[in-house]
Amino acid sequence: MIDALTVALGVTALLLAAWCGFAAYRDQPTKDWHFIGMAVVALLAVVQLVIGVVRLAGGDDPQQGVAIFVAYLIGSALAVPIAAFMSLTERTRWGSATVSAAAVVLAVLEVRLYDIWGGVGG
């Protein structure tokens, strides 16, 4: 995987989590600006998904197995869009909290993807 993209995605996910978490703290639902932030994070996740699939098709293999790697790639690409949809249906502070939680989950998924590919000790 591309280390810089993984780090960028993890950092932007944590920034989104802090931003939406602050909105939840202030008792605000997600606003248009939050959705723009979610779109940026989701776009980075889709780029990572495409790069991961291309690398797999090119013959590269993750250290801990292809199936788990693909599952984590798909999960990371879907985490924020699903939370965005849920925040649209829950127009209270809990919608912002949901996005914040999903963004933290995405950051953790990025750490795990890095590990699965062989980035830690590999």
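Asp27 is exposed, with a relative accessible area of 52% (exposed means over 50%, buried under 20% and partly exposed in between, using a 1.4 Å probe and protein chains only). You'll find Asp27 in the loop between H1 and H2. Asp27 isn't a glycine, yet its phi is positive, at about 65 degrees. For background, most residues other than glycine have a negative phi.

A quick word on ground rules: this is a predicted model, where local features need pLDDT of at least 70, side-chain atom pairs count only at pLDDT 80 or more, and totals for chains, interfaces and linings use all residues. Residues are numbered from 1 along each chain as its sequence is written, and side-chain values use heavy atoms, with hydrogens and water left out.

**How the helices pack**

Let's start with helix H1 (residues 3–25) and helix H4 (residues 93–117), whose axes come within 8 Å and cross at roughly 160 degrees. That makes H1 roughly antiparallel to H4. Their crossing is left-handed, and the contact of H1 with H4 has 16 nonpolar, 5 polar and 3 charged residues.

H2 and H4 pack at an angle of about 20 degrees, with axes 12 Å apart, so these two helices are roughly parallel to each other. The crossing of H2 and H4 is left-handed too. On the H2 side, Met38, Val41, Gln48, Arg55 and Leu56 meet Val99, Leu106, Glu110, Leu113 and Trp117 in H4. By class, the residues of the contact of H2 with H4 divide into 7 nonpolar, 1 polar and 2 charged.

Some terms used here: axes are lines fitted to C-alpha atoms, for helices over the stretch in contact, and angles run from 0 to 180 degrees between N-to-C directions. Under 35 degrees is roughly parallel, over 145 roughly antiparallel, 65 to 115 roughly perpendicular and the rest oblique. A crossing is left-handed if the near helix is turned anticlockwise from the far one by less than a right angle. Helices are DSSP runs (H or I, at least four residues), numbered from the N terminus. Ala, Val, Leu, Ile, Met, Phe, Trp, Tyr, Cys and Pro count as nonpolar, Asp, Glu, Lys and Arg as charged, and the others, Gly among them, as polar.

**The cores**

Of the 16 residues in the largest nonpolar core, Leu9, Leu16, Met38, Val41, Val80, Val99 and Leu106 touch the most other members. H1, helix H2 (32–57), helix H3 (66–89) and H4 each give two or more residues to this core. Apart from it lies another core, of 6 residues, including Leu56, Phe69, Leu113 and Trp117. A nonpolar core here is a set of buried Ala, Val, Leu, Ile, Met, Phe, Trp, Tyr and Cys residues joined through side-chain atoms within 4.5 Å.

Setting aside residues up to four places away in sequence, Val99 touches Leu16, Cys20, Thr30, Met38, Ala83, Ala84 and Ser87 (contact means heavy atoms within 4.5 Å).

| Residue | Relative accessibility | Class |
|---|---|---|
| Ser96 | 0% | buried |
| Tyr72 | 23% | partly exposed |
| Leu78 | 43% | partly exposed |

Ser96 lies in helix H4. Leaving out neighbours within four places in sequence, Ser96 is in contact with Cys20, Ala23, Ala24, Gln28, Pro29 and Thr30.

Tyr72 is in helix H3 and, with the neighbours within four places left aside, is in contact with Leu109, Arg112, Leu113 and Ile116.

Leu78 has its place in helix H3.
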